[in-house]
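Open the model in your viewer and keep the selection tool ready. We will go stop by stop.

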Protein chains: 2
Amino acid sequence: MPDKSDKQISVFAPATVANLGLGFDVLGLALIEPGDTVKAQVVLEPGLRISKISGDGGALPLEAADNTAGIAAWHTLKKAGVEIGIELEIDKGLPIGSGLGSSAASAAAAAYAVNLLLGSPLRKKELIGPCIEAEAAVSGRHADNVAPALLGGLILIRSMQPLDLVRLPIPEDLFVVVVTPEVELSTKEARAVLPGSVPLPDLVSNTANLAALVSAFYSGDLGMIARCVPDKVVTPARAELIPGCMDVINAALDAGALGSSISGSGPSVFSFCHSQRSGIQVAEAMAAAFSKADLSCRKVVSPGNCCGVRRL
Amino acid sequence: MPDKSDKQISVFAPATVANLGLGFDVLGLALIEPGDTVKAQVVLEPGLRISKISGDGGALPLEAADNTAGIAAWHTLKKAGVEIGIELEIDKGLPIGSGLGSSAASAAAAAYAVNLLLGSPLRKKELIGPCIEAEAAVSGRHADNVAPALLGGLILIRSMQPLDLVRLPIPEDLFVVVVTPEVELSTKEARAVLPGSVPLPDLVSNTANLAALVSAFYSGDLGMIARCVPDKVVTPARAELIPGCMDVINAALDAGALGSSISGSGPSVFSFCHSQRSGIQVAEAMAAAFSKADLSCRKVVSPGNCCGVRRL
């Protein structure tokens, strides 16, 4: 008997933009690229093993219990009630610590690949729990990256306990630009600068603007989206950690972006744009602003409505 | 020449439910009844005068500069750039200090009546400014009562400065129950118990729930509405001021309400219901709970989607 089955499944999970300005811990959106690829294969030896990680520059642990792909895969097996041996191979397309949901993409790809290997005993939504466990181990218990990485599109996390998600519609002509400078920022560091409490008027302002943003996604009112993105609570605190951040946001707005803010915990910065053409111009302007802070960067112009994890 | 013109205009403005649970200072909804009626008439003597107020038990000032109807009327005249004499007669159908937007209803009715007398130089939306001035004089600068009192339906106040409003859709089968106990609670007193700041996790919870509530109004997901109404920030603080408040809310939920919370700054309590029939049952249960706290009350079962101010 060979020590591996022939069946190998390859899965891609995309980058995601969490928060989207003022939806801190509440909103997340899937991008078209970049993403992580996970190959999963049944092996004779029981348990979970990561055989190889590429694209991470040696930064990520091969130990399955310390790696979000391994943790999500393990919890998926457990939830499905199956005890077999599985070997994972991870190809990181996503930069680590970039504010694009790198840990979530690995988790989502691994959970989905394992579930496919088992013949899909779990629905996609049921993979969110295992992926949240993975996130909790490395960056805190939140779902605003793993939910869109699995489900695609724009997801509102109403509640974590119990988990309650809402898929929001996305206007057809909406594009999302993300610019990622070549500096790393840990989620833990980015969480440490957050205020412990918020003045009541800021609560009112943030609830009002997020409510109007949701309304604008339904009504397609792009002008309203533009007015709703700025956030007084989380963005100003985190902008301090990202060289040139406010200049990049202002360059995006000057170039025609509907709204611009930090992606996840940063350092990536995203913009909403009203067309692909505008998105390309905005991406150039944002990259130029980062280069003034001596940072080169990767640019992505993505349709607003992209699918999540998928088999390759 | 007679000292009054023959032209007298009568206008009705409805009660409104502000906040709706967690939309503090952000959401307001018009009810079908009760409401205030304002009659306006051009008179020879320049300036604004209130000739009579009924239904208030003598509580409200006849002095136009101290009365929200007078203040809103004066600002409407000023905005229209007209200097004439106007006499107002106010019939208060709304109890004062009830959390149903009593001051806003008088203001909305007066502003609309004056604008009609002038031949409608201003659009309805332009009357919101004059009505906010009136609110600011008695209970703080907010628009969550005057906007729905004027415009009808469910209004989201995204921003006060500049004023930016969004009309939200209301599911056809949604009914709103309001129960008003016979105790008065001043908005100032109800504002004094509010926390000055809010822990960040409560901000996340409130933004998430309000965002999901807005989504549910668009999608018609009544179950989601039910899950979104509870609020951890404002409602618990204000419930202390209203005898039996939490019992009334729980009685409403036990009787089948989708959600229940304080209307505006209280003491009225509102519930969302999935039908008129359910609304009637819920109203009975809420009134019974208030009667256990030795409070009799007025009940209203209103369609969710009601028009605002109107000429009689």
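Ala, Val, Leu, Ile, Met, Phe, Trp, Tyr, Cys and Pro count as nonpolar, Asp, Glu, Lys and Arg as charged, and the others, Gly among them, as polar. This is a predicted model: local features need pLDDT of at least 70, side-chain atom pairs count only at pLDDT 80 or more, and totals for chains, interfaces and linings use all residues. Residues are numbered from 1 along each chain as its sequence is written, chains are lettered from A, and side-chain values use heavy atoms, without hydrogens and water.

**Stop 1: two helices.** Select residues 102–117 of chain B, helix α2, and residues 128–138 of chain B, helix α3 (helices are DSSP runs of H or I, at least four residues). They pack at about 145°, axes 9 Å apart (axes are lines fitted to C-alpha atoms over the stretch in contact; angles run from 0 to 180 degrees between N-to-C directions). Which residues of α3(B) make the contact? Cys131(B), Ala134(B), Glu135(B) and Val138(B) do (contact means heavy atoms within 4.5 Å). The contact residues divide into seven nonpolar, one polar and one charged.

**Stop 2: the largest pocket.** Select Ile96(B), Gly97(B), Ser103(B), Val138(B) and Thr187(B), the lining residues nearest its centre. The lining has 10 nonpolar, 18 polar and 10 charged residues. A pocket is an open set of points on a 1 Å grid over the protein atoms alone, where a 1.4 Å probe fits, with protein on both sides within 12 Å along at least five of seven lines; lining residues have an atom within 4 Å of a point.
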